[in-house]
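Please look over the sequence and the structure below before reading on. The notes that follow are grouped by topic.

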Amino acid sequence: MATVQDSEKHGIISSPSSMTRMSEDNDKFLVTFEDNDTRDPMNFSYKTKWTITLVACAFTGIVAAAAASFSMGYQSMMQDLNCTQFQATVGLSMWSIGFGIVPLITSSFTEEFGRLNIYIVSSFAFMLTQMMIALSPNIQTVILGRLLGGAFGSTGATLVGGSVADVWKQHERGQPMAFFALVAVTGTGLGPVIAGVIEANPRLGWRWIQWIHVMFTGAYFISVVLLMKETRATIVLTRLASKKRKETGDDRYQAKAEIEKQKLSTLIKISCTRPIYLLLTEPIVQGFSLWIGFTWGVVFALIESISAEFQAVYGFNVQNTGFIFSTLIVGSFIGYCANIYQEKLYQKNYPQKRQEARLYLPCVAAFFIPIGIFIYAWTARPEIHWIAPAIGLTIFMSGGFVIYMVVFLYLADCYGTYASSAIACQSLCRNLAASIFPLFTTQMFARLTYRWGLTVFGCIGAALVPIPWVLFFYGSRIRARSKVSRKILEEEEFQDMEK
């Protein structure tokens, strides 16, 4: 039971959650955490923090696997539903549309309902969409199910960055975010590997690919209910304030989030418009959105085309082509290991380079994108062993992993309170590219051949190499000329002067 100390006489209440009087005018008591309060997500135990991180990242992996594995079931799906390959490809693309657009609206829901409730609802609804696809009587239902699957999958998966930021301090987030990127990208490779084995079995086929996702998502839903905690501090404090009001009958106890609360419609408007504003006005956001958009578009173009090319060139069956997707997994692990060195460079050089200390490894990885594509394009021929184009894919994916990871970290460092909008912007561009590329690459490869079509991608990738180099040397100057970044930069300089 809370005890009242002498400080209460001066308008300060000490209890399991410290209550500080705001002012004499409105006569409210502000509910805050005490120092080292274990209910503060930042003060969770190390074990609890990693449990939350692992559970959150697991949803990202499940969603990524479901997104990519769909293409492996094309053959049995076209026979079963009497549809064309282009219609099946639309199903692949619709996923990314739902994944890219819906978070602009639903990201504001965490302000009202908290992260835990969104994880629970999203994972359960995602399971239902996979069940819907598995039971689909026609391709139209499949396409709708894919759109809804991307929508609900994105709502949960895009919370992971926020969950990591809720429980880890800024200097501790490197490894958790690297693990998040590893799960996201390896899931994109692991899904097709497993799906290839399922599709190769004539007694199973495309519907069982979806049923496997239903099983995994169902198990995940149970783990969320049992292991996940609410990590958004404003929601925790709001609930503590509500509990205190019920216990005392005094409505003056309020959390800061309640006092400054905005309407949900206002939050949705901001979350929809601010990313577009940053895309139109911020060179750093523009550069990274272009870079990650192209890279992720190529990834989904490869998901669409790898099976067809290796079957045509090397005579692989669907199971063997599924194993080729393991190159995405290997490339991701290479990028993950390289990030350990990047973290050391960041910690060492941050005082001099500031945010640009994140860009040492991306400057090197920028060359991996075109190099990997060129190797894949020009070695995929019958007289050259299949391991050569597989190596090209691995090189490409190791560079792609680094880019995927640094986008989150660098934009978060550069834009502070606007970080969620900057990250939402690149996510929108990334997923729109992922939805568009598969729709035209089939026709492009048919007209140009795989070799020359991929060469076009390689040339575009080479043209984008300067992006991290320009930001590495001139990033601070670019931010100094930006209205948004300049405000953040002035705050940082003020903090340095105080030190």
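Which residues form one aromatic cluster? F294, F437, F440, F445, Y450 and F457 do. This is a predicted model, in which local features need pLDDT of at least 70 and side-chain atom pairs count only at pLDDT 80 or more, while totals for chains, interfaces and linings use all residues. Residues are numbered from 1 along each chain as its sequence is written, and side-chain values use heavy atoms, with hydrogens and water left out.

**Aromatic pairs**
- Rings of Phe, Tyr and Trp (its six-membered ring) pair if their centres lie within 6.5 Å, and planes under 30 degrees apart count as stacked, over 60 as edge-to-face and the rest as tilted; by this rule there are 29 aromatic pairs.
- F124 and F221 make a tilted pair, because their ring centres are 5.4 Å apart and their planes stand at 50 degrees.
- This pair links distant parts of the chain, with F124 in helix 5 and F221 in helix 9 (residues 206-227), 97 residues apart; helices (H or I, at least four residues) are DSSP runs numbered from the N terminus.
- F124 is partly exposed at 37% relative accessibility, and F221 is partly exposed at 22%, where buried means under 20% relative accessible area, exposed over 50% and partly exposed in between (1.4 Å probe, protein chains only).
- The rings of F180 and Y404 are also tilted, with centres 6.3 Å apart and planes at 40 degrees, and both residues are buried.

**Salt bridges**
- A search of the whole structure finds 4 salt bridges, each being a side-chain nitrogen of Lys or Arg within 4 Å of a carboxyl oxygen of Asp or Glu.
- One of them joins D166 to R115, with the closest N and O atoms 2.5 Å apart; D166 lies in helix 7 (residues 160-167) and R115 in helix 5 (residues 115-134), 51 residues apart, and both are buried.
- Another joins E383 to R381, with the closest N and O atoms 3.7 Å apart, and E383 is exposed, with a relative accessible area of 60%.

**Around helix 15**
- R358 forms a salt bridge with E343, the closest N and O atoms lying 3.2 Å apart; R358 is in the loop between helix 15 (326-353) and helix 16 (360-379), whereas E343 is in helix 15.
- R358 also lies over the face of Y346, at 3.7 Å from the ring centre, a charge sitting over a ring if NZ of Lys or CZ of Arg is within 6 Å of the ring centre and within 35 degrees of the ring normal.

Definitions and conventions
Helix = DSSP H or I, 4+ residues; strand = E, 2+ residues; numbered from the N terminus.
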